[in-house]
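Please look at the sequence and the three-dimensional structure shown here, and then follow the report through its sheets and helices.

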Amino acid sequence: MKNILEIQNLSIAFAEGSPVVQNLNLTLEAGKTLAIVGESGSGKSVSSLAVMGLLPKSAKITADKLLFEDKDLATLGEEDYRKLRGKAMAMIFQEPMTSLNPAMKCGKQVAEVLILHDKLSPEAAKKVTLNWFERVKLPDPESVFNKYPHQLSGGQRQRVMIAMAMCTKPKLLIADEPTTALDVTVQKNILQLLRDLQQEMGMAMLFITHDLGVVKEIADDVLVLYRGQVKEFGSVQDIISNPQADYTKGLLACRPPLDAKPRRLKTVEDFLAPPPLAPPQPPPKGRECATQAPALEGLGRPLLSISNLHKFFSQPAKGLFKKAEQIEVLKGISLDVYKGESLGLVGESGCGKSTLGRNIIRLLTPEEGEIIYKGKDITHLKGADLRVLRKEIQFIFQDPFSSLNPKQRIGDAIVEPMTVHNLHGSASARKQKAVELLEKVGLTAEQYNRYPHEFSGGQRQRIGIARALAVEPEIIICDESVSALDVSVQAQVLNLLNDLKDDFGLTYLFISHDLSVVKYFSDRVAVMNKGEIVELNTSEEIYKNPQDDYTKSLLAAIPGIS
């Protein structure tokens, strides 16, 4: 097979800093998939951006070879690169919200690529775009075509990005964490779609991920990167069944197991750290090894009770004289949450999980039903009463970067809610509390005055957790709060959330599309489908003995490395 991409001794550095990629070598043939695996900061995305010619001019790039179809990429000017990008080589970016134009409708953004590269008319481009929206399993493609990115869920935005990258049938596709934001069933469909297109077009694919379960589903070979250096390279089967590097072993061990519920998840550091000098200490109290969820009998009245909740969203009118259509997103949801439990809420993108969380915290107001918290109806709270509620119930958002003010120091972001709710008496006491919270979530006092862009994704998520803890809440709603994190950082955050639950007596509503994470973290699991709860049981029973066909389909779609 013809080589599509050849890289020899690629090194990348920024300003006067140390190289972020050192002596990277790889060859990618047509029709083959090479997965690059590693944690955030390992150099995966930077290497792909170098291939796409998207690194800033300040980046220092050196390579003995950097060839695409025998073209020397190092010698291409911007105009030549522009002809390649989006046509012969395409990239699916990790964060669809920041890589889609917020001021342009989604369909027009995809059609624009077809008009520019394939010289299609606007009408023909729209037809092709709608076809691709169907292929990537977007619901109601015509409606999505006329929506702006903020009107779609995270998983739906990612599917728009995949359609945009694939519509010109490129020879090289660079997929940077393309399924991280997708639920397991859509992820399975997208991986199958990518495989089918690869066979159809003989396309080469560079697949960047941190999830070795996904790697087994898609890749032929695996290259493991750690801090810019190659730690291991080989076939998928060899790497997964017989890893040689300690770092690879750590990545494989980080994902929550489906057949057990350990006290703590392992992290990469557990495999890289030197042997302990002192005898190992017993695991911390709080999380039992038993796989049975705590019995709910005798717990009395629920801490939070949701009854017959309905929520509608307006769709834009499809004609000048037509009325806006009302879409029912929540269809009579009823759910109880008990003090001290972790209740998982799982379902596909767009099923209403985040909408339910936003109704609970009253970022949205339901049309029907009631929400009872500590025996009080909070469904229509306003003003000062609503501010008191938001002290009691906090929200950790899916994207930690967009939920932090980029112009505000992270210490001030943690202090601000304490000030709003008049906690801890004085400014100095609040600052001291903020420092304590930073240290509690694994950061340091020295980082108090830094800005969000100076932190990794996992660190920003920890800042979001510290900010939520600042007002001493009873309930924390975690909305896909670990879905975009590396498996090792995800394990660290899940361990942290469990520790905080023990330390502060917290109750969690844990929203996720990742069933393996939900099963590990939750005592009970509620499964949502199209705005309704179709199954509710202990996490063990949901996994071992699912009753609803939809739950069974979710479980069947979980990628595995066994």
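In β16, the residue that bridges to Ile 372 is Asp 377. This belongs to the antiparallel pairing of strand β15 (residues 368–373) with β16, which are joined by two bridges; two strands are said to pair if DSSP finds at least two bridges between them. Helices (H or I, at least four residues) and strands (E, at least two) are DSSP runs, numbered from the N terminus. The model is a predicted one, in which local features need pLDDT of at least 70 and side-chain atom pairs count only at pLDDT 80 or more, while totals for chains, interfaces and linings use all residues. Residues are numbered from 1 along each chain as its sequence is written, and side-chain values use heavy atoms, with hydrogens and water left out.

The pair belongs to an open sheet of four strands, with the order β13-β12-β15-β16 and antiparallel pairing. Because β13 (325–337) and β16 (376–377) stand at the edges with a single partner strand each, one side of each has no neighbour in the sheet. Helix α13 (residues 353–360) packs on this sheet and touches β12 (304–315), β13 and β15, where contact means heavy atoms within 4.5 Å.

A further open sheet has six strands in the order β7-β8-β9-β3-β10-β11, and its pairing is mixed. Its edge strands are β7 (89–92) and β11 (229–235), each of which pairs on one side only. Strands β7 and β8 (residues 172–176) pair in the parallel sense over four bridges, and Met 89 has Leu 172 in β8 as its bridge partner. Helix α1 (residues 44–52) packs on the sheet and touches β3 (33–37), β7, β8, β9 (204–209) and β10 (221–226), whereas helix α7 (residues 154–166) lies across β7 and β8.

| α13 | β12 | about 115° |

How do two helices pack on each other? Helix α15 (residues 410–420) and helix α17 (residues 457–469) pack at an angle of about 25°, with their axes 8 Å apart. The angle makes α15 roughly parallel to α17, a term for angles under 35 degrees. In their contact, Ile 410, Ala 413, Ile 414 and Pro 417 of α15 meet Ile 463, Ala 466 and Arg 467 of α17.

Definitions and conventions: Axes fitted to C-alpha atoms, helices over the stretch in contact; angles between N-to-C directions. Parallel < 35°, antiparallel > 145°, perpendicular 65-115°, else oblique.
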